[in-house]
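Hi,

Here is the structure I promised to pass on.

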Amino acid sequence: MASAAAVSFHQTLPPPLQHRRLGPTPPRCTHSERGVSFDPGSAFYRSESAPGRDLAVLAATIHRRRRLDPSGPFLCLDAMCGCGIRALRYLAQAGADFVWANDASDALRPVVVGNLSRFEPEPLDGQRRWVVSHLDATRLLAERYLRREYFDVIDVDSFGSEAEYIRAAFLALKIGGLLYLTSTDWRSARGYGGKCSLSSYGAYVRPVPYPNEIGLRMLLGGAAREAAMLGFHITPVFSYYAYHGPIFRAMIQLRHGKEDGISNYGFICHCKSCGQTQTFGFHELGQISCRCADRTDATSITVVGPLWTGPLHDASSITEMLNLAVEWGWAYTTGNGVTLEKLLVTMIDESDLRLPPGYIRLDEIASRAKVNSPPLGTLINSLQKEGYAACRSHIGANAIKTNCPITSCIEVAREIRNLR
Ligand SMILES: C[S@@+](CC[C@H](N)C(=O)[O-])C[C@H]1O[C@@H](n2cnc3c(N)ncnc32)[C@H](O)[C@@H]1O
Ligand SMILES: [Zn+2]
């Protein structure tokens, strides 16, 4: 089982994986992210994913500063590194003492080595800060676990579903460490891959009006289940849906011991008839129904799960990430359509523990209220004045998250349009 103790990688690296300094001259830099220059070469690289990498660097830095033993080496593992941009940024920006960059494709070796050599061509103290390998991620992670080499941050940036790597990643993670997961399995998230979501995440997913939040909750639920199996529990640091791809990302902290295991893990029920969403625990199975008048039509109810029903983010971590982004001058620059300040403030709002899963699109409220869409900000303010939690969703531009029942949302929308 994972232990908080770190090993010294400098002694234990197997010889074939060690970086040889007399490699080819690094290729010309063609790209830069937040001041870090690199060459993507022939690797799969998307500049649109830069905000996801910014968030990872911010969270990793906060974690390095907060961890129980800040004097120990801070170790990161990038299991699917592509050109090595994340590994490079963990080294150059998050203050990693050592980074393991791995990609199954050994054709990428010159690119990754070239990029990491830019950070440190010759280690001054003779101790290498990075290593490059070309193994299947599960094999690499399992080997680290068997050698009792545990990491502070593990990044698994896979194509499709990442579910098959979660257990091995947890085993190679320090307790309290961060696992950054990426999934592009939008078919499962949107309810078109029932069998896939069941085999990958243990969740049965059907179409609901907030599929991209379901995608994040499916991923978190899968991780929560794997952690519980190993005797741990998880807390999401942040969950991030990016429309390009689309991509579902979650930074998860592995926590000591099992919690009750099910308070944040259950079923989400959406009623097509009235538009209300509710959450049900395992003890309520068999009682799933909607309180609306239309009780006779069983087909109006859609149930998905089990998946993560708890908060999507940790407000205190995101607040620290925002402060750091401001300090580093990252907060107010807009890259790839994302302004970190706006995104992080929305995530802080979304962390309100009173907010249930899901979001409601304005056009749905408008069409049920039979009025033109109320302005988003006005609706949020009115709901807050009525004592409800309400905020924007970082996932849906024209949607709100609220604990206000849909029937009251409709009344408030009518009131805004002076129809009540
Ligand atoms: C989405 S790309 C990584 C992009 C990179 N992390 C970035 O931020 O630019 C996924 C990478 O995973 C590698 N890969 C796919 N399956 C793998 C496996 N089972 N183990 C290790 N690497 C794998 C691919 O070669 C590819 O380079
Ligand atoms: Zn209903």
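Below is what I found, going from the whole chain down to the details.

First off, keep in mind that this is a predicted model. Confidence averages a pLDDT of 90 over the chain, and 90% of the residues score at least 70. Where pLDDT is low, the predicted coordinates should not be read in detail.

As for the overall build, the chain has 14 helices and 17 strands. Its radius of gyration is 23 Å, close to the 22 Å that the globule rule gives for 420 residues, so the chain is as compact as a globular protein of that length. Along the principal axes, the C-alpha atoms fill a box of roughly 75 × 45 × 35 Å.

Now for the ligand. Ligand 1 is surrounded by 17 residues, and the closest are Met80, Gly82, Ala104, Ala137 and Asp157. That shell is made up of 9 nonpolar, 4 polar and 4 charged residues.

One helix pair is also worth a look. Helix 2 (residues 50-66) and helix 10 (residues 315-327) have axes that come within 9 Å and cross at roughly 105 degrees, which means helix 2 is roughly perpendicular to helix 10. On the helix 2 side, the contact is made by Leu58, Ala59, Thr61 and Ile62, and helix 10 brings Ser317, Glu320, Met321, Leu324 and Ala325. By class, the residues of this contact are 6 nonpolar, 2 polar and 1 charged.

Cheers

Methods:
Residues numbered from 1 in each chain as written. Chains lettered and ligands numbered in written order. Predicted model: local features only at pLDDT ≥ 70, side-chain atom pairs only at ≥ 80, totals over all residues. Near = placed C-beta within 6 Å. Nonpolar A, V, L, I, M, F, W, Y, C, P; charged D, E, K, R; others polar. Axes fitted to C-alpha atoms, helices over the stretch in contact; angles between N-to-C directions. Helix = DSSP H or I, 4+ residues; strand = E, 2+ residues; numbered from the N terminus. Parallel < 35°, antiparallel > 145°, perpendicular 65-115°, else oblique. Contact = placed C-beta atoms within 7 Å. pLDDT = per-residue confidence, 0-100. Rg over C-alpha atoms; globule rule 2.2 N^0.38 Å.
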